[in-house]
Amino acid sequence: MEELKVIFMQFKVGAKQTTKMLEQQRAIEVYVARDADPQMKEKIIHLCERAGVPVKWFDTMEDLGETCGIDIGAAMAALVTEEE
């Protein structure tokens, strides 16, 4: 009988978590808010380009936070898979 692998998608929210996921090559896609801190955005975009990870833009940190299912704004988030 074949083993069934269940893969969950989840968000790692915030600059530190997003950076960590990129460094560990676990990020599938990175979400960035246009109104986030410019230096933070620049650093993350550079990491994404180096890692070959696509970036999806959100107009506001509020929109991104809502997408990630949190009640506060988020500057950035990484979409990662969690294998169970």
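User: Which residues do ring pairs link into a cluster here?
Analyst: Phe-11, Tyr-31 and Phe-58 are joined into a cluster by ring pairs. Keep in mind that this is a predicted model.

User: How many aromatic pairs does the structure hold?
Analyst: Two aromatic pairs. One of them is Phe-11 with Tyr-31, a tilted pair with 5.6 Å centre to centre and 50° between the planes.

User: And where in the chain do those two sit?
Analyst: Phe-11 is in strand 1 (residues 7–13) and Tyr-31 is in strand 2 (residues 27–33). They are 20 residues apart, and the pair links distant parts of the chain.

User: What about Tyr-31 and Phe-58, what's the geometry there?
Analyst: That pair is tilted too, at 5.4 Å centre to centre with 55° between the planes. Phe-58 belongs to strand 3 (residues 55–58) and Tyr-31 to strand 2, so this pair ties together parts that are 27 residues apart in sequence.

User: Switching to accessibility: is Tyr-31 buried or exposed?
Analyst: Tyr-31 is buried, with a relative accessible area of 8%. Phe-58 is buried as well.

User: And Phe-11, what does that one count as?
Analyst: Partly exposed, because its relative accessibility is 28%, and buried would need under 20%.

User: Last one: what lies over the face of Tyr-31?
Analyst: Lys-56 does, at 5.6 Å from the ring centre.

Notes:
Residues numbered from 1 in each chain as written. Predicted model: local features only at pLDDT ≥ 70, side-chain atom pairs only at ≥ 80, totals over all residues. Heavy atoms only, no water. Phe/Tyr/Trp six-rings, centres within 6.5 Å; stacked < 30°, edge-to-face > 60°. Helix = DSSP H or I, 4+ residues; strand = E, 2+ residues; numbered from the N terminus. Buried < 20%, exposed > 50% of the residue type's maximum accessible area, 1.4 Å probe, protein only. Lys NZ or Arg CZ within 6 Å of the ring centre and 35° of its normal.
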